[in-house]
Amino acid sequence: MKHTTQVADSRPVRIRNGAATAAPPPARTTTRRRRRPRSQQWTAWAFLAPVVLYLALFYAYPLYRNLDLSLRNYTVRSFVRGDAPFTGLANYRTVLDDPTFAPALLHTAVFTFACLVFQYAIGLALAVFFNQHFRLSATLRALFLIPWLLPLIVSASTWSWMLNSDSGIVNATLHALGIGPVNWLTSPSWSLASVIIANIWIGVPFNLVVLYSGLQSIPTSLYEAAALDGANAWRRFWSITFPLLRPVSAITLLLGLVYTLKVFDIIWIMTKGGPADSSTTFATWSYQLGFGNLLPAFGPGAAVGNLLVVAALVFGLLYLKVQRKQALT
């Protein structure tokens, strides 16, 4: 038999077999949230302030100014005085109607695609090679970083000398092999290939470093288990190395894409976009419009630059979408 009575502390008392026991106190339905002290909030904002200031000064403001340039009819006088009339999308229509647009778009696509494919393939092959940890592997790996450490003007000037039609070492080697000379920098058929070769040489070390670091995170036990199952080196690469490197490969290709889209120094030093615009890309065309003439076209030049920004943004959003899908699966 079970009875409930009230005691002085207003808690119910349960009586069982003549013994009275107090029921446990009711649980609190609400809890107080601890608030972060104001001093910690100010400390967090103090650490964020330099980053926010840096992004505002060197990213947000230049993008805003470039967008403003592309939407107004700027001349040298109006650029100084700041009273350029608003023209809307007229500069973009001028760029699209320009006969240089289609070749520059094609050259940009070919240059970007070829550089990305060969830089990634060569970088991955070297990363797998150096992952064997043989003697002098660290020394040779450090030597492969030299193209990445050299200033771009030095690298481009060196390739210009090597590919010179008359005194270049490449044509001298071809002549020794019984092959006729090639006008690497002065022929419309070879100028784009020349700058692609130079940019591949410069970009391989970056892919090597990133992919090699990704290989270090793959457990060696997976390779040992696959070897015990009879898998050869090629099978281990396609079944273990390549799939597990996908996240690292994705960020490597994205960063390489953003960098390759805006390559200007190498092309300008080696060919200046010529001859006859045969190696002109959006990056060099934007510079030619804005600074390469006596009467600069600031608006169309900024419009071409914004097209590059939009292309990089589109590929960045695609990367984020793919990463989100992979995280959900």
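α7 passes α9 in a right-handed crossing. The model behind these exercises is predicted, so keep that in mind as you work through them.

**Exercise 1.** Describe how α7 and α9 are set against each other, and which residues make the contact.

*Solution.* Start with the geometry: the axes of helix α7 (residues 152-162) and helix α9 (residues 191-216) come within 10 Å, crossing at roughly 135 degrees. Next, classify the angle. Angles over 145 degrees count as roughly antiparallel and those from 65 to 115 as roughly perpendicular, with the rest oblique; α7 and α9 are therefore oblique to each other. Now look at the contact: α7 supplies Leu152, Ser155 and Trp159, while α9 supplies Ile197, Ala198, Trp201 and Ile202. Finally, sort these residues by class: six are nonpolar, one is polar and none is charged.

**Exercise 2.** Do likewise for α1 and α15: find the angle, the handedness and the residues in contact.

*Solution.* Here the axes come within 7 Å and cross at roughly 130 degrees. That angle makes α1 oblique to α15. The crossing of this pair is left-handed. On the α1 side, the contact uses Leu63, Asn66, Leu67, Leu69 and Ser70. On the α15 side, Phe298, Gly299, Ala302, Ala303, Gly305, Asn306 and Val309 take part. Sorting by class gives seven nonpolar, five polar and no charged residues.

**Exercise 3.** Locate the largest pocket and work out which element gives the most to its lining.

*Solution.* Begin with the volume, which is about 1,000 Å³. Then find the centre: of the 33 lining residues, Leu63, Lys262, Gly305, Leu308 and Val309 are the closest to it. The elements that give two or more residues to this lining are α1 (38-70), α12 (246-261), α13 (265-270), α14 (282-291) and α15 (298-328). The most comes from α15, with 10 residues.

**Exercise 4.** Characterise the second largest pocket by its volume and its lining.

*Solution.* The volume comes to about 350 Å³. Of the 13 residues in the lining, Val128, Asn131, Gln132, Tyr223 and Thr241 lie nearest the centre. Two or more residues each come from α9, α10 (220-228) and α11 (233-244), and α11 gives the most, with four. By class, the lining holds six nonpolar, six polar and one charged residue.

Methods:
Residues numbered from 1 in each chain as written. Predicted model: local features only at pLDDT ≥ 70, side-chain atom pairs only at ≥ 80, totals over all residues. Heavy atoms only, no water. Axes fitted to C-alpha atoms, helices over the stretch in contact; angles between N-to-C directions. Parallel < 35°, antiparallel > 145°, perpendicular 65-115°, else oblique. Left-handed = near helix turned anticlockwise from the far one by under 90°. Contact = heavy atoms within 4.5 Å. Nonpolar A, V, L, I, M, F, W, Y, C, P; charged D, E, K, R; others polar. 1 Å grid on protein atoms, 1.4 Å probe; cavity = no way out; pocket = protein on both sides within 12 Å on 5 of 7 lines; lining within 4 Å. Points joined across faces, edges and corners; volume = space filled by probe spheres on them.
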